[in-house]
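Morning, everyone. Please bring up the structure, and I'll walk through a few spots in it.

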Amino acid sequence: MTADSRLEPDVDAAGVPYISMSRDSRIMIEGVTPVTNCGASSVQTITGEWVKVTCQVFVEGGGPLAVMVRWRHIDSSEGFTAPMQTLGNNLWQGQLRIDTSGLHVFCIDAWVDEYASLCFKLQTQFLQGSPVGQVIRRGLDQVLLAAQRWVEDPQQGPSLQTLYERLSGLPQEQQIALLLHEDSASLMRDAQERSCLALSPEYPLYANAR
């Protein structure tokens, strides 16, 4: 990114491709804070301090969601990303920290988390006593596809391949536990293809030297 560019929805900072928005699903991002004068003026902060970011994000015709906050120096092509956590009622919260002084911008990045949707279905069917074999196979397929997409990445590739191999060798109850584990969900959130992507406008944030 240059000073006049912004994040675009065809590919993310790590090179993960985005799937174009489905006509049946629409993600909306509203009420982003901190924002001054509707984004016309910069929010002031101090280098090294954490800035709490909140927003409302909801989807029509889909879900569950993954939501991230991104930020960069206005003149930099390098950016940073951090996950946001749901607080319920479509409210999300995260935080960012700026270590260099000057003008920065941040935005909200949201998409339908297909792996989280699969995990929700898996957990629901398991608790209801319904057969889960087909859902587990879909989970294995998702992990394998992600491993294949990231095979050349020195960090994500081996982690995904290891997860797939572990899942393949476990009995069903342990497969369920590993598919639902927080580490697996986090790994797949970052590695999966992203559907129904939505990006907020970029908002200015000025970091004053401590």
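Thr-54 counts as buried, because its relative accessibility is 15%, under the 20% cut-off. Keep in mind that this is a predicted model. Thr-54 belongs to strand 3, residues 50–60. What does the side chain of Thr-54 pair with? Thr-33: the two side chains make a polar contact of 2.4 Å. Setting aside neighbours within four places in sequence, Thr-54 touches Gly-31, Val-32, Thr-33, Met-84, Trp-92 and Gln-93.

Next, Asp-99. Buried or exposed? Exposed, since its relative accessibility is 54% and the cut-off is over 50%. Asp-99 sits in the loop between strand 7 (91–97) and strand 8 (102–112). Its side chain has a polar contact of 3.3 Å with the side chain of Arg-97. Beyond four places in sequence, Asp-99 contacts Thr-47 and Gly-48. Now look at Trp-50. Along the chain, Trp-50 and Asp-99 are 49 residues apart, yet their C-alpha atoms are separated by 9.8 Å.

Last, the helices. Two packed helices are described by the angle and the distance between their axes. Take helix 1, residues 114–128, and helix 4, residues 172–180: their axes come within 10 Å and cross at roughly 140°. Helix 1 and helix 4 are therefore oblique to each other. Their crossing is left-handed. Who meets whom? From helix 1, Tyr-115, Cys-119, Leu-122, Gln-123 and Phe-126; from helix 4, Ile-176, Leu-179 and Leu-180. By class, that contact has seven nonpolar residues, one polar and no charged ones.

How values were computed
Residues are numbered from 1 along each chain as its sequence is written. This is a predicted model: local features need pLDDT of at least 70, side-chain atom pairs count only at pLDDT 80 or more; totals for chains, interfaces and linings use all residues. Side-chain values use heavy atoms; hydrogens and water are left out. Helices (H or I, at least four residues) and strands (E, at least two) are DSSP runs, numbered from the N terminus. Buried means under 20% relative accessible area, exposed over 50%, partly exposed in between (1.4 Å probe, protein chains only). A polar contact is a pair of N or O atoms within 3.5 Å; within protein, one must be able to donate a hydrogen and the other to accept it, and residues adjacent in sequence count only if both atoms are side-chain atoms. Contact means heavy atoms within 4.5 Å. Axes are lines fitted to C-alpha atoms, for helices over the stretch in contact, and angles run from 0 to 180 degrees between N-to-C directions. Angles under 35 degrees count as roughly parallel, over 145 as roughly antiparallel, 65 to 115 as roughly perpendicular and the rest as oblique. A crossing is left-handed if the near helix is turned anticlockwise from the far one by less than a right angle, and right-handed if clockwise. Ala, Val, Leu, Ile, Met, Phe, Trp, Tyr, Cys and Pro count as nonpolar, Asp, Glu, Lys and Arg as charged, and the others, Gly among them, as polar.
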